[in-house]
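Here is a short report on one protein model. Keep the structure in view as you read.

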Amino acid sequence: MIESWRWYGDLDPIALAEVAQTGARGIVTALHEIPYGEVWGTEAIAARKARVSGAGFDWVVVESLPIHENIKTGTGDLAPLFANYRQSMANLAANGITTICYNFMPLLDWTRTDLTAPVAGGGTCLRFEAHRMAAFEVHMLGRREAEADYTPDVLNRAAAWYQQATEGDRDALLASIMAGLPGAFDRYDIPGLRRALAGYADIDRTALRANYKRFLEEVIPAANDLGMRFCVHPDDPPRDILGLPRIVSDADDIGWIMNAVNAPANGLTLCAGSLGANPANDVPAIAARFADRIHFAHLRNVRKDADGSFEEAAHLDGDTDMVALCAVLLAEEARRRDAGRADHAIPFRPDHGHHILSDLDRTLIPGYPLIGRLRGLAELRGVMRALSHGRAHG
Ligand code: CS2
Ligand code: MN
């Protein structure tokens, strides 16, 4: 397993010299400054790579090479967008960067309603609170139809929250919901989000799947020719949100994607935290089922409540059996090694982490602190070392 670390380039308050002290040797990064749909030029890629290598790391995964919203909605002439996407792929491959993580979530990326929920013992974590999401949808956006997605109890608490919320509370909720979008681009405000949602009015699950299949047919053959691996990141949370269909949420979805273009280059980012937010998802079992298509892993844990709320737990706590999951990944890696594959090592990163200790005194990207992720990495490193030792000596 290649210990890696997400770094946002110039947007990241954490310096590579700090990351070096975590012991990670892989960097996961993207050219977040380039607007969606434009080509990633060879020089910009080479410059980022030189910075990463200059600090002693390998750039092991691109996360993400974003997909333009028009590709997801199937709007307009898509040929130039597909051509640009393939050009970015070729430019990355020319620089020796061949693993690409991406997601196919309409409009939003990961979604939380609280970026600073308290953790027992001190520090904060990211939390998704069902009644706050309901308050956002029903009362702030005015999506009455969303009432069908919540229990009466959650709706009552949503109404109570909305009644006592100040403008500052409502702004903070909107900012939290937008926080998952990577890069420095503008987030949606309420009218902007309403307009963006209207663009999806005709896109149901079937239409979104058709557009996704078309994307895969456009890029996976090129990935294959370039010796690249694509790995889709699951939806976070793994369910429809704001009435938008989500199609990368469970084992059936992943099975459909893997078969839509059945090729090793069409693979999966096993994100334990995203998949783990749905009680029906058995994450180690999903990993075992799709093991040969896992090109990248995000390891983090979640603790769920009965009403659909959840929060990010410490990496070995929470509802997912992280030791069992690491065992699945290590077994797959061993299988690849035994098959003589030079590229057998699977990169992973501690996906998010708690904001703790001196990180509380600096402004960091929500979910991407230094110390909380270091803690997660160190715990995972210990689990993997122990499991590999057992494998070698057992
Ligand atoms: C994160 C995502 O929610 C998560 O688990 O890892 O923000 C992820 O980085 C992107 O969706 C990848 O495209
Ligand atoms: Mn993830």
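## The open sheet

This model is predicted. Four strands make up an open sheet, and their order is β5-β6-β11-β10. The pairing here is antiparallel. Two strands sit at the edges: β5 (114-118) and β10 (301-304). Each of these edge strands pairs on one side only. On average, neighbouring strands of this sheet are turned by 40° against each other, direction ignored.

Now look at one pair inside the sheet. Strand β6 covers residues 124-128, and strand β11 covers residues 310-313. Two bridges join them in the antiparallel sense. Find Arg127: its bridge partner in β11 is Glu311. What kind of bonds do strands of a sheet pair through? Strands pair through backbone hydrogen bonds, and the pairing can be parallel or antiparallel.

## The barrel

The chain also forms a barrel. Eight strands close into it, in the order β1-β2-β3-β4-β7-β8-β9-β12. In the barrel the pairing is parallel.

Take strands β1 and β12 as an example. Strand β1 holds residues 2-6, and strand β12 holds residues 347-350. The two run parallel and are joined by two bridges. Ile2 stands opposite Pro347 in β12.

## The nonpolar cores

In soluble globular proteins, nonpolar side chains tend to be buried together. Here the largest nonpolar core has 71 residues. Which of them touch the most other members? They are Ile27, Val219, Phe230, Ala287 and Leu325. Helix α9 (residues 205-226) gives the most to this core: seven residues.

Val219 is then in contact with Tyr85, Arg86, Met89 and Phe230.

## Around the ligand

Ligand 1 has 15 residues around it. Which of them come nearest? The answer is Ser64, Asn103, Trp110, His233 and Asp236. By class, the shell around ligand 1 has seven polar, four nonpolar and four charged residues.

Two elements give two or more residues to this shell: β4 (99-103) and α11 (272-276). Strand β4 gives the most, with three residues. Strand β4 is also one of the eight strands of the barrel.

Definitions and conventions
Residues numbered from 1 in each chain as written. Chains lettered and ligands numbered in written order. Predicted model: local features only at pLDDT ≥ 70, side-chain atom pairs only at ≥ 80, totals over all residues. Pairing = 2+ DSSP bridges. Core = buried A, V, L, I, M, F, W, Y, C linked by C-beta atoms within 7 Å. Buried ≥ 20, exposed ≤ 12 C-beta atoms within 10 Å, placed from the backbone. Contact = placed C-beta atoms within 7 Å. Near = placed C-beta within 6 Å. Nonpolar A, V, L, I, M, F, W, Y, C, P; charged D, E, K, R; others polar. Axes fitted to C-alpha atoms, helices over the stretch in contact; angles between N-to-C directions. Lists of a residue's contacts leave out its neighbours within four places in sequence.
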